[in-house]
Amino acid sequence: MIAPAAFPSFQCAYAAVLRHVTENYTHVNTARGNDSHEIIGATFRLIDPRQRALHLTSRPVNPVYHHAEALWYLGGLRNLDLIGHYASRRRADSRDGTTIEGSSYGARIFAPRPDGAPSAFDRALELLRAEKDSKRAYLPVFEAGDLDEIGHPDLPCLVGLQLLARDGYLHMVTYMRANDANRGLVCDVYSFTLIQEFAAALLGLRLGSYTHHVGSMHVGIRDLERAGRVLAETAAGPVAAAPLFPAPVMPADTSWRHIRTVLEHEELLRTNQVRYTRADVAALDLPRYWQRVLLLFEAHRQLVTCPADPVDQQVLEALEPGARWQFERRWPTRVATGVIA
Ligand code: 5HM
């Protein structure tokens, strides 16, 4: 029995997974036309799951989408309105153009069950409050019925999440049937560790480790060149080891009220019913951490509604510094000239 490789940040784990799969793949997989290099069975551990963000010039990520996806899950949502707005590619996962059936993990974890019983998440937290050492706080996602239709356009890749409270810390273990190391993995780890941090806040526990187990870990052949650029950047120096920015800490008193408030304002911004300045957001009854998340949605609103203009510099300056770095690299042409540090 070997303990999983542990990493100080997701950036380090990501580079190690990409290197492992691209150098040591054992299969060339062609399922559903997605040709990939594949490893069967992959596991890693993050010692500090708050270090969830990538800051790589070779792999610009979308910090707005990261938060949109996590909030879409927390909202227990199945419909495309929110998630499809921030990533139109998600519309391809939908059969009816309105809902996402399989990868709407939040609907399976956070929404009340069809018979009106509390959500799996609420039940798991109840269990951990009653018996903190429990090994039963498992949040199932993949169901037997998911296999009923061969060729289903969207089966969950997430099998389930497990919460383990030990010695005052909340640990999480993720089980996935499949993970695209250069695509899905980046968003999945971001969302799942954010959910872990939220669960720790609700339980009054400190944030423990995050362990990620995957059945099929693969890199698409079309992505090998991009993966190579990431490997070149992370091999070059301390960028893979030392985070460029301190990870923001979710306030320990974060509650469902905060999540609901953020979701309400996100919808107002997404539907362009409001336009927020930095001062407007500062006046909202939300901790700074969540105000900064809302400012990302305001910045995105400006991207969509004023496509010819740079995003308001005051809004950019008020973003969480790591998210600002990502935003400016993702949309360099929408930042006032010469501003990118
Ligand atoms: O044919 P299959 O359903 O396995 O294809 C789904 C692809 O999306 C796989 O490459 C899987 O690894 C990736 N994926 C991911 O990495 C998909 C989802 C959505 O469920 C995800 N992570 N969260």
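## Ligand shell

Around the ligand stand Arg32, Ser103, Tyr105, Leu155, Cys157, Arg177, Ala178, Asn179, Asp180, Gly184, Asp188 and His218, each with a heavy atom within 4 Å of it. This is a predicted model, in which local features need pLDDT of at least 70 and side-chain atom pairs count only at pLDDT 80 or more, while totals for chains, interfaces and linings use all residues. Residues are numbered from 1 along each chain as its sequence is written, and side-chain values use heavy atoms, with hydrogens and water left out.

Strand E6 gives the largest share of the shell, 4 residues. E6 and helix H6 each supply at least two shell residues. Helices (H or I, at least four residues) and strands (E, at least two) are DSSP runs, numbered from the N terminus.

## Polar contacts and cover

Which residues make polar contacts, that is, pairs of N or O atoms within 3.5 Å? Tyr105 places a polar side-chain atom 2.5 Å from a ligand oxygen. For His218, a side-chain N or O atom is 2.7 Å from an oxygen atom of the ligand. Cys157 uses its backbone: a polar atom there lies 3.2 Å from a ligand oxygen. The protein covers 77% of the 500 Å² of accessible area that the ligand has on its own (Shrake-Rupley method, 1.4 Å probe).

E5 (residues 158-166) and E6 (residues 169-180) pair antiparallel over 8 bridges; pairing requires at least two DSSP bridges between the strands. Gly160 has Tyr175 in E6 as its bridge partner. The two strands form a hairpin with 2 residues between them. Asp167, in that turn, has a positive phi of about 50°.

E6 also pairs with E7 (residues 206-220), in the parallel sense, over 10 bridges. Met176 has Val214 in E7 as its bridge partner. From E6 the chain crosses through H6 (residues 184-203) to E7, and this β-α-β crossover is right-handed: with the strands pointing away from the viewer, the path from the first strand over the helix to the second runs clockwise.

## Strands around E3

E3 (residues 36-46) pairs antiparallel with E7 over 10 bridges. Leu46 stands opposite Tyr210 in E7. Leu46 is also the bridge partner of Phe7, where E1 (residues 5-7) and E3 pair in the parallel sense over 3 bridges.

E2 (residues 27-29) runs antiparallel to E3, joined by 3 bridges. Asn29 stands opposite Ser36. E2 and E3 form a hairpin with 6 residues between them. Arg32 sits in this turn with a positive phi of about 50°; Arg32 is also one of the residues around the ligand.

Key. Polar contact = N/O pair within 3.5 Å; in protein donor to acceptor, adjacent residues only side chain to side chain.
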